[in-house]
Amino acid sequence: MADNGNGEEAVFANGKGGKKVLAKITTSENRHECPETTQATVKAQTIDELHSLQKKKSAPTTPIKGIQGGFASISDAEREKLQLQSISASLASLTRETGPKVVRGDPANKKAEATPKIHHHHHVDAPTISVSDSSLKFTHVLYNLSPAELYEQAIKYEKGSFITSTGALATLSGAKTGRSPRDKRVVKDDTTKDELWWGKGSPNIEMDEHTFLVNRERAVDYLNSLDKVFVNDQFLNWDPENRIKVRIVSARAYHSLFMHNMCIRPTLEDLENFGTPDFTIYNAGMFPCNRFTHYMTSSTSIDLNLARREMVILGTQYAGEMKKGLFSVMHYLMPKRQILSLHSGCNMGKDGDVALFFGLSGTGKTTLSTDPNRYLIGDDEHCWTGTGVSNIEGGCYAKCIDLSREKEPDIWNAIKFGAVLENVVFDEHTREVDYLDKSVTENTRASYPIEYIPNAKIPCVGPHPRNVILLACDAFGVLPPVSKLSLAQTMYHFISGYTALVAGTEEGVKEPRATFSACFGAAFIMMHPTKYAAMLAEKMQKHGATGWLVNTGWSGGSYGSGSRIKLPYTRKIIDAIHSGSLLNAEYKKTEVFGLEIPTHVEGLPSEILDPVNTWLDKKAYKGTLLKLAGLFNNNFETFTDHKIGEDNKLTEEILKAGPIF
């Protein structure tokens, strides 16, 4: 027995080989201690046991106000057994029926894990394909870890992982710093060949079932070869009646933390009743696909099989592939339930008035939907059900380039402990992030739980929308700052999904470039755009919603000669839409596009409401207007001959809602 200098005695005993090990820990009573703080002897025989007393079991949860529930009486051991059986089934390869032994926990803490004995015989039968050597090893499952645990895993084992000055986890996504849409494939089978949108303009590039299974087996075999895998069991859609259970199996702590943030986090009670997932992602992005496999065009492949309800990722570590892959799945599953899936922001006023915001990159969708005077329901993905709107996700995925505390304080303050920062550059010593630095990529991103936004509405649901706002950054400068749309016009502009990109850095490129993305998210839709547009019009008509087209781009000339519409002006327009005052304004119709524009909006100079007034060169205005109208018409030709079902053609009413020369 030895005094350690603090009035405590440490008791040592001889272990194997004469090595001294900590046998018991006692704390002698301190004579100066207050009686009420005196504790009993610590019940620990080793340091590991002592450390275990620091830990208390819990599950990461998304806060859901007003919902309480008791836990089932299932034991911890039984719960773990059921979870591992389910995960083991997920990790089973198709032709290698016996997978690895699946156990819980970090392999770094289980060095003494018993390994199965292998009996050697003189006569060995030839190996069969149904049994793999991987069946003789242990794969440790790190199941629904908390952010703190995932931080530890990332910092210990993943090169390029650091904690920034605000507490966020900075990571690198490898060679791919954005999505790879040309490497995304969807299995075309007897069902999907008729249900999905294929051909010109479609984001769905086909592959066959056999090739999917080849890639699936490659991904699963890679995951099975690892000492540990991360498994997230989570949910999509805040509407409890239409919640989707998802399982994400991945090799990186970064990916697990990303999905922990982006999906809806389960309670312990949810996990006890989780059962079989509705959809599973196998993220083996650290391992490439075989480039000689049929349909492969690179070492990257992102594959969706809607019949099997599985997704396989090979050759890219960019986390956004998982988020958007699941969004594509929702674009398939929800319309089959007569629920409209939408690539939009959504907020709600104090009086319960809900607005949807559609817009491509650079239109101000995030800025305008994140309003300190309104509740945020979500920033990117929503469903419009029979009872109202619901956010699909449990988090936000915000662009970080040029981020500042002054312009976007809510996003700035959300980048704290638990948030993931992708591909940002930071000071080597202070770990302060330089959001202006594009050294790694311009597509720097932050992922954080939605409750990190102070005015987020939890649960993320709301009543039926009153306003549907389509945002366009028109760099041609000919669209009005605000227009009220008819139902047919709303469908036309929703299908078109227009914005304009300003001239790039290439020499000689001086004009804006029109960009069209069907339903303001063509990369993620599964069915033909007219399917979603028809559902949108039906719901708007049924619930009395009004469509608006808001130009956040240029006025008084195209990019380079005109000027961008001031953000305070756009905010006043949005405020007038929210308040309902814009509905009572007087309107007049523009030429060519036939848009209804108000003659007065409070706080705005009336002359800017009609773009022709702001152009000094009226002839140049007319020529630019006709040019943009021609681009709209050319883009819409893709959709004019499509049939929904056998004989339901795109209505003439929608075609008439487009530009008229």
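Trainee: Which strands does helix H2 lie across?
Mentor: In this predicted model, helix H2 (residues 76–90) lies across S4, S5, S10, strand S11 (244–250) and strand S12 (279–284).

Trainee: And at what angle does H2 run to S4?
Mentor: The helix runs at about 140 degrees to S4.

Trainee: What is the order of the strands in the open sheet?
Mentor: The order is S4-S5-S10-S11-S12-S14-S13-S8-S9, which makes nine strands, and their pairing is mixed.

Trainee: Which strands stand at the edges?
Mentor: Strand S4 (101–104) and strand S9 (206–207) do. Each has a single partner strand, so one side of each is left without a neighbour in the sheet.

Trainee: Are S5 and S10 parallel or antiparallel?
Mentor: Strand S5 (residues 138–143) and strand S10 (residues 228–236) pair in the parallel sense, over four bridges. Within that pairing, Leu142 has Phe230 in S10 as its bridge partner.

Trainee: Moving on, is strand S21 largely enclosed or left open?
Mentor: Strand S21 (residues 395–399) is largely enclosed by the rest of the structure, because four of its five residues are buried.

Trainee: In what sense does S21 pair with S25?
Mentor: S21 and strand S25 (residues 445–449) pair in the antiparallel sense over five bridges. In this pairing, Gly395 stands opposite Pro449 in S25.

Trainee: Where does Pro459 lie relative to S25?
Mentor: Pro459 lies in the loop between S25 and strand S26 (461–462). A cis peptide bond joins Ile458 to Pro459, with omega at about -5 degrees.

Trainee: How many cavities of 30 Å³ or more are there?
Mentor: A search of the whole structure finds seven. The largest cavity has a volume of about 100 Å³.

Trainee: Which residues line the largest cavity?
Mentor: Its lining consists of Arg179, Ser180, Pro181, Lys184, Ile302, Met311, Glu321, Lys324, Gly325, Ser328, Ala523 and Phe524. By class, five of the lining residues are nonpolar, three are polar and four are charged.

Trainee: Which element gives the largest share of that lining?
Mentor: Helix H8 (residues 320–333) does, with four residues.

Trainee: Finally, how many helices and strands does the protein have?
Mentor: The secondary structure comes to 15 helices and 37 strands.

Trainee: What share of the residues is buried?
Mentor: Of the 661 residues in the protein, 52% are buried.

Trainee: And what share of the contacts joins residues at least 24 apart?
Mentor: The figure is 73%, taken among contacts between residues at least 6 apart in sequence.

Conventions
Residues numbered from 1 in each chain as written. Predicted model: local features only at pLDDT ≥ 70, side-chain atom pairs only at ≥ 80, totals over all residues. Heavy atoms only, no water. Buried < 20%, exposed > 50% of the residue type's maximum accessible area, 1.4 Å probe, protein only. Helix = DSSP H or I, 4+ residues; strand = E, 2+ residues; numbered from the N terminus. Pairing = 2+ DSSP bridges. 1 Å grid on protein atoms, 1.4 Å probe; cavity = no way out; pocket = protein on both sides within 12 Å on 5 of 7 lines; lining within 4 Å. Points joined across faces, edges and corners; volume = space filled by probe spheres on them. Nonpolar A, V, L, I, M, F, W, Y, C, P; charged D, E, K, R; others polar. Contact = heavy atoms within 4.5 Å. Axes fitted to C-alpha atoms, helices over the stretch in contact; angles between N-to-C directions.
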